[in-house]
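Q: I have just opened this structure and would like a guided look at it. Could we go through it together?
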Amino acid sequence: MKTNKVSLLGIFGAVALVLSFLESMLIPDIPFLPVGAKPGLSNIITMYIAGTMGLPGAMYITLLKALFALITRGATGAFMSLGGGVLSTLCVCFFIKYQGRIFSWLGLGIIGAVMHNLGQLMAACVVSGTFALINYGKYLLIFALITGTVTGSVLLILMPRLRKFGGADYKNKN
Amino acid sequence: MNTKSEIGRSITKGDIILIVSLIVISLVMFVLSFSGSENLVAEIYVDGERAHSIALSEVTESYTVNENYCQLLIEKDGVSFVFSDCGDKLCIKRGKLKNQGDTMACVPQKVVVILKADGKEKIDGVAY
């Protein structure tokens, strides 16, 4: 791996961790929001890396987030972070392969958010051993639509501007 | 710059189809699950096994159930977590379950509560 990729991954990994920490502080306990749902701001970083460096870089960010969850929230938190992160990263990278012919960043953001929630819910089913927990998915699906639209819109606006500075494609650079 | 790696700058047809279909799916899920709060049975799963099955209509006085360091309050109109020995207390913040299909879990403690409609009610009606 090229040196600049290593250092960029380090920087963006740190940004992702700070974002996920900040959002856990920012979210008040609003009664009508599904319990345990988070806006997933750090997914902006994961998707940005997925778009610029591809699957290996994005998976690195995902694993880093899971490790952070292991330290701060324990094994259950890490397992749920991993379940959601791996599934959503795989799906988003799969659709990025289609080079935006099917979905723009908006659609990719929504796919990432929905898959993240689905993965976490499946992880919760495995940990608790109760498959019927999947019922909770209907609340999470609506929430994921909203948060996915937010993260997707950020990338939709950001990427063309970053491209001007050469910050939108690290694949073909040394 | 290779144009091939550029993901669409503007919203595509696929985006619209995705959003609309997800909205429809979530609406359908809500309509299917919303069927009132009559004759509810609270099923409490511990470690993946069903530990309790409580018909809420037969509850006259509120009482608590203790499982895996969690305390659940069983009331006539719903079930809620009142204590749990877990990290984030999300289960307590969820509040009281009242409607059919409502689900609540304390994942770290492996305690799950699901409200279901009482399927036996109709059969009892025939037997009477």
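**The nonpolar core and the strands**

A: Of the 70 residues in the largest nonpolar core, those touching the most other members are A124(A), A105(B) and V113(B). A nonpolar core is a set of buried Ala, Val, Leu, Ile, Met, Phe, Trp, Tyr and Cys residues joined through C-beta atoms within 7 Å. Helix 4 (residues 105-128) of chain A gives the largest share of this core, 14 residues.

Q: How are the model and its numbering to be read?
A: This is a predicted model, in which local features need pLDDT of at least 70 and side-chain atom pairs count only at pLDDT 80 or more, while totals for chains, interfaces and linings use all residues. Residues are numbered from 1 along each chain as its sequence is written, and chains are lettered from A and ligands numbered from 1 in the order in which they are written.

Q: Which residues does A105(B) touch?
A: Leaving out residues up to four places away in sequence, A105(B) touches A124(A), S128(A) and L133(A), together with C91(B), V111(B) and V112(B). Contact requires C-beta atoms, placed from the backbone, within 7 Å.

Q: How many residues of strand 7 of chain B are buried?
A: In strand 7 (residues 111-117) of chain B, 5 of the 7 residues are buried. Buried stands for 20 or more other C-beta atoms within 10 Å of a residue's own, exposed for 12 or fewer, and partly exposed for values in between, with C-beta atoms placed from the backbone. Helices (H or I, at least four residues) and strands (E, at least two) are DSSP runs, numbered from the N terminus.

Q: What pairs with strand 7 of chain B?
A: Strand 1 (residues 40-46) of chain B is joined to strand 7 of chain B by 7 bridges, running antiparallel; there A42(B) has L115(B) as its bridge partner. Strand 6 (residues 103-106) of chain B also runs antiparallel to strand 7 of chain B, with 4 bridges. Two strands pair if DSSP finds at least two bridges between them.

Q: And the open sheet in chain B, what is its strand order?
A: The order is 3-4-5, with antiparallel pairing. Strand 3 (63-67) and strand 5 (78-84) of chain B stand at the edges with a single partner strand each, so one side of each has no neighbour in the sheet.

Q: Changing topic, is M25(A) buried or exposed?
A: M25(A) counts as exposed because it has 7 C-beta neighbours inside 10 Å. This residue lies in helix 1 (residues 3-26) of chain A.

How values were computed. Contact = placed C-beta atoms within 7 Å.
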